[in-house]
Amino acid sequence: MVAVSVIVPVYNVERFVHETITSVLAQTFQDFELIIVDDQSPDRSIEICEQFHDPRIRIVRQKNRGLAGARNTGIRHAQGEYIALLDSDDLWMPEKLEKHIRHLETRPKVGISFSRSAFIDEDSNSLGTYQMPKLTDIDAPHLLCRNPIGNGSAPVIRREALEGIKFQHNLYGEVEDFYFDDQFRQSEDIECWIRIAIQTNWQIEGIPEPLTLYRVNSGSLSANMNKQLESWEKVIAKTRTYAPALLAKWESLARAYQFRYLARRAIRNKDGKASVQLVNRALASNWKILIYEPMRSLLTILAAYLMWLLPRSWYNNIENFALKLTGDSQRKAIAKSYNKLRAES
């Protein structure tokens with residue numbers, strides 16, 4: 001029996017996976033097993049994984065099932081009290097597991113502990129900005145509108161929380177346990193978190209430090225935006241089947257936030273026309289995002305229209321200046337919250 005089962009799905013990541021595995025083995029908390037799930041990767045990714053000789057590493061092979069399916073396979077094989085997820089192109093800071101386990105052990109009602117994340121590029125260089133979500137008092141409406149966990153490499157999950165949403169299905173010729181929904185090839189994270197929030201009493205809570213390094217892969221942004229929206233709509237449709245009252249109250253606002261999120265992705269991909277269309281759809285869905293999150297919403301609208309209207313060089317200069325200011329402000333906020341946490345402990 002180990003404390004933590006770290007699950008790393010692997011598919012077509014030969015450029016990144018060595019660094020990812022190294023970041024796990026460098027953890028200050030060492031009572032873990034590392035389950036690498038080969039999701040029928042077509043490249044050299046698994047060959048690279050096999051070069052590590054550590055008794056805590058297990059490689060599980062399966063026919064391709066996608067990210068949700070690979071995570072489910074890992075969870076079925078896991079022996080740990082806690083489940084830590086890490087996508088095979090992201091990285092962890094060395095104290096990631098140690099701080100999450102401490103958080104979970106001191107907060108027995110918390111089922112999912114997550115961290116803030118720092119953005120890195122394809123060469124693992126810091127982009128200077130962070131995911132800065134709400135960390136406490138997270139309920140189902142907040143998850144529906146704003147995914148605070150942010151990415152699949154941020155959470156460490158109490159095994160009991162996953163058992164609370166487990167269901168059985170025969171998708172591949174035999175009845176198996178499922179935690180994430182294998183029928184989702186995108187948005188599987190938020191679909192799972194919403195079920196935990198609605199169907200269990202476990203709390204979801206974050207810690208202020210950016211312990212996850214989340215890789216921004218610019219090459220896939222444009223191609224995935226329509227699929228992202230389609231998969232999100234499927235999450236809404238599924239949630240409506242068991243929580244219709246929640247959707248009746250929050251669906252239009254949640255859709256507005258989703259359009260705003262996609263607009264920011266379009267901005268990152270330098271697609272001014274798409275970003276303007278998406279911010280307009282956000283406001284048409286529910287203009288109250290201007291009341292609930294005025295600064296973030298107005299900045300997204302401004303960036304979209306400036307990108308659409310200005311010469312690219314002008315816009316790039318404005319964006320670089322704004323990103324520097326944002327990064328400076330975020331670092332100050334992280335330091336302030338971390339100092340507050342240390343004072344309280």
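Arg76 is partly exposed, with a relative accessible area of 25% (buried means under 20%, exposed over 50% and partly exposed in between, for a 1.4 Å probe and protein chains only). The model is a predicted one, in which local features need pLDDT of at least 70 and side-chain atom pairs count only at pLDDT 80 or more, while totals for chains, interfaces and linings use all residues. Residues are numbered from 1 along each chain as its sequence is written, and side-chain values use heavy atoms, with hydrogens and water left out.

Arg76 forms a salt bridge with Glu176, the closest N and O atoms lying 3.7 Å apart (a salt bridge is a side-chain nitrogen of Lys or Arg within 4 Å of a carboxyl oxygen of Asp or Glu). This pair links distant parts of the chain, with Arg76 in helix 3 (residues 66-77) and Glu176 in strand 10 (residues 175-178), 100 residues apart. Helices (H or I, at least four residues) and strands (E, at least two) are DSSP runs numbered from the N terminus. Glu176 is buried, its relative accessible area being 12%.

The whole structure contains 30 salt bridges. Among them, Glu293 pairs with Arg146 at 3.2 Å between the closest N and O atoms. Glu293 lies in the loop between helix 11 (289-292) and helix 12 (294-309), and Arg146 in the loop between helix 5 (140-145) and strand 8 (155-158), so the pair ties together parts that are 147 residues apart in sequence. Glu293 is partly exposed at 21% relative accessible area, and Arg146 is partly exposed at 23%. A further salt bridge joins the side chains of Glu95 and Lys99 (2.9 Å, N to O); Glu95 is partly exposed at 35%, whereas Lys99 is buried at 12%. Arg159, Glu163, Lys166 and Asp177 are linked in a network of salt bridges.

UniProt, in an unreviewed entry, places the feature "domain: Glycosyltransferase 2-like" at residues 5-163; such annotations may be inferred rather than shown by experiment. Over residues 5-163 the chain is 30% helix and 28% strand.

Strand 2 (residues 32-38) has seven of its seven residues buried. In a regular strand the side chains alternate between the two faces of the sheet. Phe32, Leu34, Ile36 and Asp38 on one side of strand 2, and Glu33, Ile35 and Val37 on the other, are all buried. Strand 2 runs parallel to strand 1 (residues 4-10), to which seven bridges join it (strands pair if DSSP finds at least two bridges between them). Pro9 has Val37 as its bridge partner in strand 2. Five bridges join strand 2 to strand 3 (residues 57-61), also in parallel, and Leu34 has Ile57 as its partner in strand 3.
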